[in-house]
Amino acid sequence: QLQLVESGGGLVQPGGSLRLSCTASGFTLDYYAIGWFRQAPGKEREGVSCVSDNNGRPYYADSVKGRFTISRDSAKNTVYLQMHNLHPEDSAVYYCAATRNPTCLYSDWREGDFDYWGQGTQVTVSS
């Protein structure tokens with residue numbers, strides 16, 4: 001059974017950092033493009049970052065560029081989203097997603113490209 005599990009969310013003060021993890025079971029993440037998405041209350045889910053299956057250039061939403069970094073740890077079958085200088089508007093449920101489809105090769109990647117989704121982890125940025 002293919003499963004993605006996110007972890008690492010929590011409550012952090014503005015300007016703080018968190019590292020989210022997306023760990024897979026039942027498949028090897030290296031062969032999949034991975035995306036991170038987030039959804040705040042009352043808003044649509046939006047793409048945050050993605051990386052292609054061949055570990056190509058990562059893409060980031062304009063709102064997180066320079067603050068967030070996506071990375072892989074093949075040995076742990078995990079993809080991370082390192083988040084620095086968090087803002088209150090970064091508060092949301094964060095989801096990771098995976099696909100064998102050729103996505104995250106250009107800047108027009110979208111959630112419909114992804115097939116497998118985790119359950120989400122809550123990030124709250126507040127003083």
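1. Counting bonded cysteines along the chain, the disulfides of this protein follow the pattern 1-3, 2-4. There are two disulfides in all, a disulfide being a pair of cysteine sulfur atoms within 2.5 Å. Before going on, a word on the source: this is a predicted model, where local features need pLDDT of at least 70, side-chain atom pairs count only at pLDDT 80 or more, and totals for chains, interfaces and linings use all residues. Residues are numbered from 1 along each chain as its sequence is written, and side-chain values use heavy atoms, with hydrogens and water left out.

2. Take the link between cysteine 22 and cysteine 96, with S to S at 2.1 Å. Its handedness is right, with 70° about the S-S bond. Cysteine 22 sits in strand β3 and cysteine 96 in strand β9, so this pair links distant parts of the chain, 74 residues apart; strands here are DSSP runs (E, at least two residues), numbered from the N terminus. Cysteine 22 counts as buried at 0% relative accessibility, and cysteine 96 is buried too, again with a relative accessible area of 0%. For the record, buried means under 20% relative accessible area, exposed over 50%, and partly exposed in between (1.4 Å probe, protein chains only).

3. The other disulfide joins cysteine 50 and cysteine 104, whose sulfur atoms are 2.0 Å apart. This link is right-handed as well, with 90° about the S-S bond. It also bridges distant parts of the chain: cysteine 50 is in strand β5, cysteine 104 in the loop between β9 and β10, 54 residues apart. Both ends are buried, cysteine 50 at 0% relative accessibility and cysteine 104 at 3%.

4. Now the cores. A nonpolar core is a set of buried Ala, Val, Leu, Ile, Met, Phe, Trp, Tyr and Cys residues joined through side-chain atoms within 4.5 Å. The largest one has 28 residues, and those with the most contacts inside it are Leu4, Leu29, Trp36, Phe68, Leu81, Met83 and Tyr94. Strands β3, β4, β5, β7, β8, β9 and β11 (121-125) each supply at least two residues of this core. Apart from it lies another core, of seven residues, among them Cys50, Tyr59, Cys104 and Phe114.

5. Which residues does leucine 29 touch, its neighbours within four places in sequence aside? It is in contact (heavy atoms within 4.5 Å) with Leu4, Cys22, Ala24, Ile34, Arg72, Asn77, Thr78, Val79 and Ala98. Note Cys22 on that list, one end of the disulfide to cysteine 96.

6. Leu4 and Glu6 make up its covered face, while Gln3, Val5 and Ser7 are on the uncovered one. Strand β1 runs antiparallel to β3 (residues 18-25), with five bridges joining them; two strands pair if DSSP finds at least two bridges between them. Serine 7 has serine 21 as its bridge partner in β3.

7. On to charges: I'd go through the salt bridges, of which there are five, each a side-chain nitrogen of Lys or Arg within 4 Å of a carboxyl oxygen of Asp or Glu. Aspartate 90 and arginine 38 meet in one of them, at 2.9 Å, N to O. Aspartate 90 lies in the loop between β8 (78-83) and β9 (92-99) and arginine 38 in strand β4 (residues 33-39), so the pair ties together parts 52 residues apart in sequence. Both residues are buried.

8. Aspartate 90 has another partner, arginine 67, with the closest N and O atoms 2.7 Å apart. Arginine 67 lies in the loop between β6 (59-60) and β7 (68-73), so here the pair ties together parts that are 23 residues apart in sequence. Arginine 67 is buried at 9% relative accessible area, and aspartate 90 at 0%. Through shared partners, salt bridges join Arg38, Glu46, Arg67 and Asp90 into one network.

9. Last, arginine 45 and glutamate 111 form a salt bridge, the closest N and O atoms being 3.1 Å apart. Arginine 45 is in the loop between β4 and β5 (46-51) and glutamate 111 in the loop between β9 and β10 (116-117), so parts 66 residues apart in sequence are tied together. How exposed is the pair? Arginine 45 counts as partly exposed at 26% relative accessibility, and so does glutamate 111 at 32%.

How values were computed. Helices (H or I, at least four residues) and strands (E, at least two) are DSSP runs, numbered from the N terminus.
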